[in-house]
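Please read the following notes alongside the sequence and the coordinates. They are set out as numbered points, each on one topic.

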Amino acid sequence: GDLTRPYLAARLGIANFQDTALYPGYTVIVLAVGGFLAVVRGLRANREALADKRVIAVLSAGVLALVAFISSGPPTVSFLGVTVALPSDVVYHITPSWQTFARFVILLELSLVIMMAGALAKVRRTLTGLRLWVSFALIGLLVAIDLWASPERRTVSTAPKPADAWLR
């Protein structure tokens, strides 16, 4: 809402609204990281868990999230005084017309949702009854509040200019 609108509007620039307004939400990110860490902790205690499809899905989603995050980055980053080329630099050198790196966020969000599902499954396994329903309602409310903010939609007037109206 009004708290984030100036920040988001200042950073939209001339980019496509849909590409720049994709926001997974802090709640989703926190739940996704929690789901990933829960699976990793579970693997430390029980290596046989690698046979579970859900564990493989969450681990694969973690790898996909890392690859999508790195691939959507700028061409180069400086780390401890060393400039490191990221995949976007390589792609740009092959085909300079490729400028849709922000679309990697779709893969990142997919992986976050899969990892978040791991966290929600753990909540479902550990809680029962009213505590489970209250927890899911609270999580749903937090996600809704987190995703409520959106940047202003920029519009262009389609009314004809006076000269166009005169010519018509």
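1. Of the 168 residues in the protein chain, 24% are buried, where buried stands for under 20% relative accessible area, exposed for over 50% and partly exposed for what lies in between, with a 1.4 Å probe and protein chains only. The model is a predicted one, in which local features need pLDDT of at least 70 and side-chain atom pairs count only at pLDDT 80 or more, while totals for chains, interfaces and linings use all residues. Residues are numbered from 1 along each chain as its sequence is written, and side-chain values use heavy atoms, with hydrogens and water left out.

2. The secondary structure of the protein chain consists of eight helices and two strands, which follow one another from the N terminus in the order α-α-α-α-β-β-α-α-α-α. These elements are DSSP runs numbered from the N terminus, helices being H or I with at least four residues and strands E with at least two. Taking a contact as heavy atoms within 4.5 Å, 61% of the contacts between residues at least 6 apart in sequence join residues at least 24 apart.

3. Helix H3 (residues 26–45) and helix H7 (residues 129–148) pack with their axes 7 Å apart and at an angle of about 135°, the axes being lines fitted to C-alpha atoms, for helices over the stretch in contact, and the angles running from 0 to 180 degrees between N-to-C directions. H3 and H7 are therefore oblique to each other, since angles under 35 degrees count as roughly parallel, over 145 as roughly antiparallel, 65 to 115 as roughly perpendicular and the rest as oblique. Tyr26, Thr27, Val28 and Leu31 of H3 meet Ile139, Leu142, Val143 and Asp146 of H7 in this contact.

4. Within H3, Thr27 is buried at a relative accessible area of 17%. Apart from neighbours within four places in sequence, Thr27 is in contact with Leu142, Val143 and Asp146.

5. The 20 residues of H7 should span 28 Å at 1.5 Å a residue, and its end C-alpha atoms, 29 Å apart, agree with this; the expected span is 1.5 Å times one less than the number of residues. Leu132, Ser135, Ile139, Val143 and Asp146 are the buried residues of H7, and they fall within an arc of 65° when seen down the helix axis, so they line one face of the helix; the arc is that of the directions from the axis to the C-beta atoms. On the other side of H7, the exposed residues are Leu130, Trp133, Ala137, Ile145 and Trp148, whereas the cover over the buried residues includes H3 and helix H6 (104–126).

6. The buried residues of H6, among them Val105, Leu108, Glu109 and Met115, pack against H3 and helix H4 (53–71). Ala57, which belongs to H4, is partly exposed with a relative accessible area of 33%; Ala57 and Ala117 are 60 residues apart in sequence and 9.9 Å apart in space, C-alpha to C-alpha.

7. What is the phi of Leu80, which is not a glycine? Its phi is positive, at about 55°, while most residues other than glycine have a negative phi. Leu80 sits in the loop between strand E1 (76–79) and strand E2 (82–85), and counts as exposed at 76% relative accessibility.
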